[in-house]
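Open the model in your viewer and keep the selection panel at hand. The tour goes from one surface spot to the next, then out to the whole chain.

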Amino acid sequence: MNYLEFEKPLSELEGKAEELRALARTGGGVDLTKEAEALDRKAEAALRDLYKGLTAWQKCQVARHPDRPHCKDYVEGLFTEFTSLAGDRAFADDHAVMGGIARFQDQPVVVIGHEKGNDTKSRIERNFGMARPEGYRKAIRLMDLADRFRLPVITLVDTPGAYPGKGAEERGQAEAIARSTEKCLAIGVPLISVVIGEGGSGGAVAFATANRVAMLEHSVYSVISPEGCASILWKDAEKMREAAEALRLTAQDLQKLGIIDRIVKEPMGGAQRAPKETIEAVGKAIEAMLKELSGKKPETLVKDRRQKFLDMGAKGLAA
């Protein structure tokens, strides 16, 4: 188990409990079960205390936890007959974006998401979930396919932001993000988005301009990372805690602001402690959101989606 900085007291309690159990397994005729159980209860209470009042910065840390389930885990856990579709038909295949045709509860859908990878090799291959222009153009191709065959689109957002490298800029990164966002607004099928970890900047908006947007309880969604914001405003990345509070990037803040439609509750201690339970909860949220949109005409879906973001923009200007 990887512990976060603020979880140090918890790691000590759980570590001592495990030491007692290991000692009991080696024999010696000493029963340490009660002592281990007492430490387990203390650890459970400490976990509840820690997670009932997380700060915005602590939520950022949880959202970035390497053990959280990623897009690939959700695809494997929620969808059947997944057929991956690769490439943008122009330059290359971007491994930071995975997508294809699948079935969700026997309903054909198109699923698209950012994939960060879960070990050093896969993280490098997936570019830590930071998509290049070809990733967004692949998403556009998949959304066109969904629109043509009247398939709902489900997007899973988990990215620090679009890749800012020179090559990506040379190949039209900003234009690709804008066209992906435009395509989200144009397709006449239900579009559902779930922020499962980080929703970073335009790289996230390009997938999350949807009829329904949900966030996991401890995920974050903002125009810039707290470190980036602190570097610009205070010329000091160490002020990321203050920046995280000011950005109002938590699911709870964003629901109050009307940016998202629902929050998917995570198990105590975050998605990383119970990935299977989290994936099931996301599946129930997707099912509910699909039901809300079923039977709506294409023109209604497009109109409602556009109006939603027009209203959101008007609220932002008024603020």
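Select tryptophan 234. It counts as partly exposed because its relative accessibility is 37% (buried is under 20% relative accessible area, exposed over 50%, partly exposed in between; 1.4 Å probe, protein chains only). This is a predicted model: local features need pLDDT of at least 70, side-chain atom pairs count only at pLDDT 80 or more, and totals for chains, interfaces and linings use all residues. Numbering runs from 1 along each chain as its sequence is written, and side-chain values use heavy atoms, without hydrogens and water.

Tryptophan 234 sits in the loop between helix H10 (226-233) and H11 (helices are DSSP runs of H or I, at least four residues, and strands are runs of E, at least two, numbered from the N terminus).

With Trp234 they form a nonpolar surface patch of about 330 Å² accessible area together (Shrake-Rupley method, 1.4 Å probe, only the protein chains shown count as cover). Patch residues have over 30% relative accessible area and no salt bridge; nonpolar side chains (Val, Leu, Ile, Met, Phe, Trp, Tyr) are joined within 5 Å, like charges within 9 Å. A salt bridge is a Lys or Arg side-chain nitrogen within 4 Å of an Asp or Glu carboxyl oxygen.

Next, select Asp236, Glu238, Glu242 and Glu245: a negative surface patch. Glutamate 245 lies in helix H11 (residues 240-247). Its relative accessibility is 44%, so glutamate 245 counts as partly exposed.

Zoom out. The C-alpha atoms fill a box of roughly 70 × 50 × 35 Å along the principal axes. Of the 319 residues, 48% count as buried.

Definitions and conventions. Lys and Arg count as positive and Asp and Glu as negative; His and the chain ends are not counted. The place of a charge is taken as NZ of Lys, CZ of Arg, CG of Asp or CD of Glu.
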